[in-house]
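Dear colleague,

Please find below the structure that I am handing over to you. My notes on it follow directly after.

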Amino acid sequence: MDSKRLLTGRVILLVDNDRDVLDTMAEQLDMCLVHKASDYDSAIQYLLGHTYDFVILGMEGRALSDLLETCVLRGFATVVLVPPPVSPESVKIYTSLEFIHFHPKEKIAEIKELLASILTELNKPRWRRLLERVDAEFLSHITPHRGSRMI
C-alpha cells in the first residue's frame with residue numbers, strides 16, 4: 001500500500017503535551033495538512049472549528065476523555081497514543097467509543113503506515129471489517145455441535 005498517496009491532502013490534528021512527539025509525527029505526515037495542539041484548550045478549539053480526516057491524541061486523563069467524546073460526536077477517525085501500561089479504566093473508556101484506534105506511543109515513527117491502513121479498512125463495508133477481526137478460535141466456540149442442525 002502506498003501510504004504517501006493515501007494520505008496526501010488529508011487534514012490531521014495532532015494533540016500531545018510533548019512538543020517533540022508533535023514534531024516527530026508532523027515530520028512523518030508531511031504530505032498532510034497538520035494542525036498541532038499541545039494543550040486541552042487549543043485542541044478543543046481546533047476540534048470545534050475544523051473538520052479532520054484524523055485526530056491523533058496523546059493526552060491522558062480527563063482531557064483525553066473530553067477530547068475523545070468531542071471527536072466521536074464530530075465523527076472524526078481518532079487514534080489514541082497509548083503509553084504503557086494501560087489501566088483497566090482506560091481500556092473501558094477506549095473500547096466504549098466508536099472510530100477509535102490505538103497505537104503504542106513509543107511507535108510514533110510508524111504513524112503514517114497506521115493511518116494508511118485505517119483508510120484502507122474504512123473503505124471496506126462495516127460487516128467485512130467486523131468479520132476480519134473475529135478470531136477463528138472465538139468462532140469455534142459458537143459453532144453448533146456435531147449432530148445439531150444449523151437453521
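A nonpolar core is a set of buried Ala, Val, Leu, Ile, Met, Phe, Trp, Tyr and Cys residues joined through side-chain atoms within 4.5 Å, where buried means under 20% relative accessible area, exposed over 50% and partly exposed in between (1.4 Å probe, protein chains only). This is a predicted model, in which local features need pLDDT of at least 70 and side-chain atom pairs count only at pLDDT 80 or more, while totals for chains, interfaces and linings use all residues. Residues are numbered from 1 along each chain as its sequence is written, and side-chain values use heavy atoms, with hydrogens and water left out.

Overall architecture

The protein has eight helices and five strands; helices (H or I, at least four residues) and strands (E, at least two) are DSSP runs, numbered from the N terminus. In order from the N terminus, the elements run α-β-α-β-α-β-α-β-α-β-α-α-α. Buried residues account for 36% of the 151 residues. The accessible surface comes to about 9,600 Å², and 54% of that surface belongs to carbon and sulfur atoms (Shrake-Rupley method, 1.4 Å probe; for residues, only the protein chains shown count as cover).

The sheet and the helices on it

The five strands form an open sheet in the order 2-1-3-4-5, with parallel pairing (two strands pair if DSSP finds at least two bridges between them). Strand 2 (33-37) and strand 5 (100-104) stand at the edges with a single partner strand each, so one side of each has no neighbour in the sheet. From one strand to the next, the twist averages 20 degrees; axes are lines fitted to C-alpha atoms, for helices over the stretch in contact, and angles run from 0 to 180 degrees between N-to-C directions. Strand 3 and strand 4 pair in the parallel sense over four bridges, and phenylalanine 54 stands opposite alanine 77 in strand 4.

Helix 2 lies across strand 1, strand 2, strand 3 and strand 4, and runs at about 175 degrees to strand 2. Helix 3 (residues 40-49) also packs on the sheet, where it touches strand 1, strand 2 and strand 3, and its direction makes about 145 degrees with that of strand 2. Contact here means heavy atoms within 4.5 Å.

The nonpolar cores

Which residues touch the most other members of the largest nonpolar core? Of its 23 residues, they are Met25, Leu29, Ile56, Ile111 and Leu115. Two or more residues each come from helix 1, strand 1 (11-15), helix 2 (19-28), strand 3 (54-57), strand 4 (77-82) and helix 6 (111-122). Helix 6 gives the most, with six residues. Beyond four places in sequence, leucine 115 touches Leu7, Ile12, Leu29, Phe54, Ile56 and Val79. A second, separate core of 19 residues includes Leu13, Ala43, Leu47 and Met59.

Helix 1 and the cysteines

Leucine 7 lies in helix 1 and counts as buried because its relative accessibility is 0%. Leaving aside neighbours within four places in sequence, its contacts include Met31, Cys32, Lys112 and Leu119. The C-alpha atoms of leucine 7 and aspartate 53 are separated by 9.5 Å, although these residues are 46 apart along the chain. Serine 3 is also found in helix 1 (residues 3-7); it is buried, because its relative accessible area is 11%. Not counting residues up to four places away in sequence, serine 3 touches Lys112, Glu113 and Ala116.

The structure holds zero disulfides (pairs of cysteine sulfur atoms within 2.5 Å). Cysteine 32 is buried at a relative accessible area of 12%, and cysteine 71 is buried at 0%.

With kind regards
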